[in-house]
Structures are given as structure tokens and as C-alpha cells.
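Subject: Structure handover

Hello,

Here is the structure I promised to pass on. Please open it first, then read my notes below.

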Amino acid sequence: MVVLRNIWANYRDESFISQYLSPRLMRRMRMFQLHDDPALAEGVRVEAIHNERGYRRIRRELARRYDVGWIDPNIEVVDVDLVGDRRLILHHHVLNGRLLSEADAKRVLQHLADLWGYDVLLREIGPSDAVLKEHACSPRGTALVPGITGRRNIV
């Protein structure tokens with residue numbers, strides 16, 4: 001039980017896999033990596049097996065499936081004009097060319113704009129710092145909260 005507590009306290013899922021998934025365990029579990037591309041006429045292709053060359057690739061790909069930084073979008077606040085129009089500017093750093101879903105981005109930005117009370121702009125940034133796509137949203141109707149000066153409330 002002490003070993004498990006140590007693992008729970010000191011490792012995330014992907015770091016645990018990278019640290020403890022050994023070639024011996026892969027061979028014992030008969031692990032391998034498949035590539036299923038509908039565009040290929042041959043069908044399913046074995047990408048890596050549990051040999052000396054393949055075990056690192058299998059371990060890396062399996063760990064990547066649990067890495068939050070690889071799965072979830074990396075979106076950060078990069079600027080806000082507190083003196084001027086108060087527009088909030090966000091950047092999404094695109095991995096592997098995977099842009100955000102248009103509908104999801106619109107819903108999230110609308111909610112964020114409603115909470116912020118001002119315009120929100122999201123830029124999707126590619127590997128060479130090029131802007132691949134932009135999403136913008138304005139808050140829905142806002143009104144001052146009675147009795148509290150300067151505070152806004154969504155109506």
C-alpha cells in the first residue's frame with residue numbers, strides 16, 4: 001500500500017506509464033501499436049511491437065493518450081486592455097493541426113464574454129506563431145447591479 005500511495009502522490013498518469021511500463025511488462029502483456037487509417041487499402045498496420053525499437057514508441061504513444069497537455073486544448077490569456085475597451089485576448093496553441101470545434105469555441109467564448117462583460121477574442125496559433133483562425137464574441141445584454149456601483153450583471 002505504501003508503494004501505491006507514493007505513486008498516487010508523485011506521478012500523473014502519463015508520467016507513471018513513462019516511468020514504469022518496462023519492455024518486460026510489455027512483452028508479458030503482449031502489447032503492440034496498431035495504425036488504422038481508412039485511406040489505406042491494406043487495412044490495419046502494426047506500427048510497433050514490444051521489441052527493442054518498438055517498446056519506446058508504444059510507451060510514448062500510450063503515455064501521450066493520458067497527458068492532459070496533449071489531450072486538452074492549451075488556451076491562455078495573453079492580453080487584456082483594462083484602460084481601453086477591456087477586450088480579453090486568448091491564444092489557443094494548436095497541436096498536430098487540430099483546431100477547436102467551431103460550435104464548442106463559440107459556446108465557451110459566449111459564456112466567457114458573458115462572465116467578463118466585454119468582448120473576448122480567441123486566436124488559434126500554429127507552430128510558427130501564425131494565426132490560423134480567430135473567434136470573437138461579445139457579451140449578451142448587461143445591466144448594472146442595483147446598489148453596487150460599477151458591477152455588472154447578466155440579464
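Arg30 is exposed, because its relative accessible area is 67%, over the 50% cut-off. Keep in mind that this is a predicted model. Arg30 sits in the loop between helix H3 (23-29) and strand S1 (32-36). Its backbone deserves a look. Arg30 has a positive phi of about 55°, and it is not a glycine. Most residues other than glycine have a negative phi.

Arg86 also has a positive phi, near 65°, and is likewise not a glycine. Where is Arg86 found? It lies in the loop between strand S3 (74-80) and strand S4 (88-93). Arg86 counts as partly exposed, since its relative accessibility is 28%. Leaving aside residues up to four places away in sequence, Arg86 touches Val80, Asp81, Trp116, Tyr118 and Asp119. Gly117 is 31 residues from Arg86 in sequence. In space, the C-alpha atoms of Arg86 and Gly117 are 8.9 Å apart.

Now the chain as a whole.

The chain holds six helices and eight strands. Along the sequence, the pattern reads α-α-α-β-β-α-α-β-β-α-β-β-β-β. Is the chain more spread out or less spread out than a compact globule? It is more spread out, because its radius of gyration is 23 Å, well over the 15 Å that the globule rule gives for 155 residues. The C-alpha trace spans about 70 × 50 × 25 Å along its principal axes.

Some totals follow. Of the 155 residues in the chain, 23% are buried. The chain exposes about 11500 Å². Carbon and sulfur atoms supply 53% of that area. Take the contacts with a separation of 6 or more: residues 24 or more positions apart account for 43% of them.

Next, the charges. The chain has 24 positive and 21 negative charges. Side chains of opposite charge can pair when their charged atoms come close. How many salt bridges are there? The count comes to seven. Three of them are set out here, starting with Arg57 and Glu47.

- Arg57 and Glu47: their side chains meet in a salt bridge, at 2.8 Å from N to O. The pair links distant parts of the chain, with Arg57 in helix H4 (residues 54-64) and Glu47 in strand S2 (residues 44-49). The two are ten residues apart. Arg57 has 32% relative accessibility, so it counts as partly exposed. Glu47 is partly exposed too, because its relative accessibility is 22%.

- Lys133 and Glu102: these side chains also form a salt bridge, at 2.6 Å from N to O. This pair again links distant parts of the chain, 31 residues apart. Lys133 is in strand S6 (residues 131-137). Glu102 is in helix H6 (residues 102-116). Lys133 counts as partly exposed at 29% relative accessibility. Glu102 counts as partly exposed at 43%.

- Asp104 and Arg107: the closest N and O atoms of this salt bridge are 2.5 Å apart. Both residues belong to helix H6. They are three residues apart there, so about one helical turn separates them. Arg107 counts as exposed, at 56% relative accessibility.

Glu14 is found in helix H2 (residues 13-20). Is Glu14 buried or exposed? It counts as buried, because its relative accessibility is 8% and the cut-off is under 20%. Which residues does Glu14 touch, not counting those up to four places away in sequence? They are Ala63, Tyr66 and Asp67.

Move on to Arg86, in the loop between strand S3 and strand S4. Then go to helix H6, which holds Asp104 and Arg107. Finish at Glu14 in helix H2.

Best wishes

Terms used:
Residues are numbered from 1 along each chain as its sequence is written. This is a predicted model: local features need pLDDT of at least 70, side-chain atom pairs count only at pLDDT 80 or more; totals for chains, interfaces and linings use all residues. Side-chain values use heavy atoms; hydrogens and water are left out. Helices (H or I, at least four residues) and strands (E, at least two) are DSSP runs, numbered from the N terminus. The radius of gyration is taken over C-alpha atoms; the globule rule is 2.2 Å times the number of residues to the power 0.38. Buried means under 20% relative accessible area, exposed over 50%, partly exposed in between (1.4 Å probe, protein chains only). Contact means heavy atoms within 4.5 Å. Accessible areas come from the Shrake-Rupley method with a 1.4 Å probe; for residues, only the protein chains shown count as cover. Lys and Arg count as positive and Asp and Glu as negative; His and the chain ends are not counted. The place of a charge is taken as NZ of Lys, CZ of Arg, CG of Asp or CD of Glu. A salt bridge is a side-chain nitrogen of Lys or Arg within 4 Å of a carboxyl oxygen of Asp or Glu.
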